[in-house]
Amino acid sequence: MPYWGLFVGKLAAIGAVAWGILIGLMTFWPREQAVFYSGPPRFAADFGFTMAVGAWFLVVCGLLYLAVWDQRYRCRVCVRRLRMPIETGSWSRMLQLGRPRIEYICTYGHGKLNVEEVQILGVESPEWTPQQGDLWEELCASGKGDGSPHSDH
């Protein structure tokens with residue numbers, strides 16, 4: 001639930017900022033001279049205003065894209081940024097190792113995210129795999145008890 005709550009919060013913040021900027025633009029942009037108590041519409045009649053609204057639209061689209069992109073690389077449990085990207089697979093050994101992917105992990109051991117390195121079949125959604133047990137215990141156990149003179153007994 002915190003994962004989607006953060007996303008909704010980001011969208012609400014972007015919407016509030018965008019609405020405030022649009023209201024400010026509408027309020028402070030000078031109006032054209034009124035003819036017979038009726039002014040011409042500002043959008044599409046005033047080139048400067050139309051360009052300002054177009055720039056506002058592009059900035060809002062960019063902010064929405066950044067919000068979605070940032071949300072994609074967050075842990076589904078603790079909502080922290082995923083770290084430690086590791087490349088797995090190989091094009092030259094695809095039958096043995098699989099297609100190349102980039103694997104991100106949650107530093108608190110909640111899971112990992114596998115993202116395709118190259119999107120061959122269109123947009124492929126990343127694969128989130130929750131971690132069963134303690135990730136760090138599993139990684140640290142490989143160095144203990146292997147018979148090497150540097151391992152602790």
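Student: In what order do the elements of the protein run from the N terminus on?

Tutor: This is a predicted model. The protein has four helices and four strands. From the N terminus on, the order of these elements is α-α-β-α-β-β-β-α.

Student: What percentage of the residues of the protein count as buried?

Tutor: A residue counts as buried when its relative accessible area is under 20%. The protein has 153 residues, and the share of them that count as buried is 23%.

Student: Among contacts between residues at least 6 apart in sequence, what percentage join residues at least 24 apart?

Tutor: A contact here requires heavy atoms within 4.5 Å. Taking contacts in the protein between residues at least 6 apart in sequence, those that join residues at least 24 apart make up 39%.

Student: How far apart are the end C-alpha atoms of helix H1, and what span should its residues give?

Tutor: Helix H1 covers residues 2–28, which is 27 residues. At 1.5 Å a residue, the helix should span 39 Å. The computed distance between its end C-alpha atoms agrees with this, at 38 Å.

Student: Which residues of H1 are buried, and which helix is included in what covers them?

Tutor: An α-helix has 3.6 residues a turn, so residues three or four places apart point the same way. The buried residues of H1 are Tyr3, Phe7, Lys10, Ile14, Ala18, Leu22 and Leu25. Their cover includes H2.

Student: Is Leu63 buried or partly exposed, and which nonpolar patch does Leu63 belong to?

Tutor: Leu63 is located in helix H2, residues 47–72. Its relative accessibility is 35%, so Leu63 counts as partly exposed. The surface patch has about 510 Å² of accessible area together, and its members are Val59, Leu63, Tyr65, Leu66 and Trp69.

Student: Which residues does Asn114 touch, not counting residues up to four places away in sequence?

Tutor: Asn114 is part of strand S3, residues 111–116. With a relative accessible area of 10%, Asn114 is buried. Leaving out residues up to four places away in sequence, Asn114 touches Arg101, Ile102, Glu103, Pro126, Glu127 and Thr129.

Student: How far apart are the closest N and O atoms of Asp70 and Arg81?

Tutor: Asp70 is in helix H2 and Arg81 is in the loop between H2 and strand S1, eleven residues apart. Asp70 is buried at a relative accessible area of 16%, while Arg81 is partly exposed at 26%. The two form a salt bridge, and their closest N and O atoms are separated by 2.8 Å.

Student: Which strands does the salt bridge between Glu116 and Arg101 tie together?

Tutor: The closest N and O atoms of Glu116 and Arg101 are 2.9 Å apart. Glu116 counts as buried at 12% relative accessibility, and Arg101 is partly exposed at 24%. The partners are 15 residues apart in sequence, so the pair ties together parts of the chain in strands S3 and S2.

Student: Which residues do salt bridges that share partners join into one network?

Tutor: The structure holds five salt bridges. One of them is between the side chains of Arg74 and Asp70 (2.9 Å, N to O), and both of these residues are buried. Through shared partners, salt bridges make one network of Lys10, Asp70, Arg74 and Arg81.

Definitions and conventions. Residues numbered from 1 in each chain as written. Predicted model: local features only at pLDDT ≥ 70, side-chain atom pairs only at ≥ 80, totals over all residues. Heavy atoms only, no water. Patch = residues over 30% accessible without salt bridge, like charges linked within 9 Å, V, L, I, M, F, W, Y side chains within 5 Å. Areas by Shrake-Rupley, 256 points an atom, 1.4 Å probe, with all protein chains shown as cover. Salt bridge = Lys/Arg side-chain N within 4 Å of Asp/Glu carboxyl O. Helix = DSSP H or I, 4+ residues; strand = E, 2+ residues; numbered from the N terminus. Buried < 20%, exposed > 50% of the residue type's maximum accessible area, 1.4 Å probe, protein only. Expected span 1.5 Å × (residues − 1).
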